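Student: Before we start, could you show me the sequence and the model, and then take me through some features one at a time?

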Amino acid sequence: MASELAAPFPYFGGKRRAAPRIWQALNDPSGYVEPFAGSAAVLLARPAFRGRRVETINDADGWLVNAWRAIQLSPADVAAHAWGPVSEIDYHARLAWLQGRRSPDLVAWLEGDPEAHDAKAAGWWLYVLACGIGDPFGPGPWHVVDGHLRKLPHLGDAGQGVNRELPHLGNAGQGQLVCYMQSLADRLQRVRITCGSWERVVSPSVIRSGTGGDGTRAVFLDPPYATSGDLYAHAGDGVAEAARAWCLQADRSLRIILCGYDTEHDELLAHGWRVIEGKAGRGAGYSTNALNGRRERLWLSPACIHGQQLSLINAI
């Protein structure tokens with residue numbers, strides 16, 4: 001049975017609803033790599049296993065990686081800094097503080113030390129995501145007051161602005177939040193959390209790592225979609241195409257799943273891959289088009305398991 005854990009923050013195009021299909025295709029790999037971790041919805045939904053596995057998640061967003069590292073290593077401190085009533089003033093102040101410290105040095109710091117993290121920054125980042133609807137780290141509208149970065153909220157407009165009713169973190173008591181953060185920390189105890197380019201974690205030295213399980217290696221790729229339109233606020237130019245190119249030359253023994261939109265990666269079908277529907281979370285993240293989730297697809301490498309194969313494996 002899949003875990004009930006979920007990320008304590010909203011995220012674009014989360015794959016939690018698609019996770020059961022994904023794990024049916026991957027089964028129980030000894031090594032698992034998620035180069036575009038985001039909310040880590042697939043990792044957190046992995047069915048329970050006994051013993052150890054080698055699991056690696058990565059993302060290029062420094063504050064996102066810091067949040068996962070801090071939850072892993074200092075869950076109570078993160079909860080203490082994340083908890084609190086929704087306040088527009090606090091929201092703006094914390095957002096400005098985070099934006100002012102988002103720099104190449106942040107990623108370099110996280111790359112240089114696998115245990116580097118800032119629990120206060122992680123808690124404030126979670127608070128900002130819980131208070132804001134849409135993308136609080138988007139391009140604006142911004143203005144600067146007395147040297148501080150400010151964002152003009154959209155108030156009274158359905159689906160936008162500051163969420164004062166039920167933020168992800170503010171609707172539970174602090175004690176409950178600490179317990180939940182500890183549950184996440186327990187799940188992440190042996191997960192390797194890295195920050196940087198996705199190519200770094202699909203290198204042979206990373207992918208070969210594995211223990212226990214069924215002896216296979218798996219990679220779950222959920223890059224910004226090349227044809228996503230408004231589905232993602234920060235679609236990376238050429239990243240989806242580069243991920244597809246990597247899939248074409250990857251070891252055919254790897255169980256790889258590549259996410260995309262419509263026919264985006266149908267080039268893979270000529271190489272023995274399959275494609276199935278893959279929905280995002282409720283709707284499609286922050287997309288303004290409710291139909292976007294229906295356009296999401298999962299491309300499965302030849303080594304992935306078909307439903308009939310899975311039944312045979314479970315019967316052994």
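Tutor: What follows is a reading of a predicted model, taken from its nonpolar cores to a strand and then to some loop residues.

Student: How many residues does the largest nonpolar core have, and which of them have the most contacts inside it?

Tutor: A core of this kind is a set of buried nonpolar residues joined through side-chain atoms within 4.5 Å. The largest one here has 60 residues, and those with the most contacts inside it are W68, L98, W125 and I257. Its largest share, ten residues, is contributed by helix 7, which spans residues 119–131. Another core, of 20 residues, lies apart from it and includes F36, V202, A243 and W273.

Student: Which residues does W68 touch, leaving aside those up to four places away in sequence?

Tutor: With those set aside, W68 touches A7, P8 and F9, then G38, S39, A40 and L44, and also L188 and I193.

Student: I193 belongs to strand 7; which residues form the covered face of that strand, and which the uncovered one?

Tutor: In a regular strand, side chains alternate between the two faces of the sheet. In strand 7 (residues 191–195), V191, I193 and C195 make up the covered face, while R192 and T194 make up the uncovered one. This strand runs parallel to strand 2 (residues 54–59), and five bridges join the two. Within that pairing, E55 stands opposite V191.

Student: Where is N27 found, and why does it count as buried?

Tutor: N27 is found in the loop that lies between helix 1 (19–26) and strand 1 (31–34). Its relative accessible area is 18%, so it is classed as buried. N27 also has a positive phi, of about 65 degrees, although it is not a glycine.

Student: And where is the place of S87, and how many residues separate it in sequence from C131?

Tutor: S87 sits in the loop between helix 4 (75–82) and helix 5 (88–100). With a relative accessible area of 23%, S87 is partly exposed. S87 and C131 are 44 residues apart in sequence, and their C-alpha atoms are 8.1 Å apart in space.

Notes. Residues numbered from 1 in each chain as written. Predicted model: local features only at pLDDT ≥ 70, side-chain atom pairs only at ≥ 80, totals over all residues. Heavy atoms only, no water. Helix = DSSP H or I, 4+ residues; strand = E, 2+ residues; numbered from the N terminus. Buried < 20%, exposed > 50% of the residue type's maximum accessible area, 1.4 Å probe, protein only. Contact = heavy atoms within 4.5 Å. Pairing = 2+ DSSP bridges.
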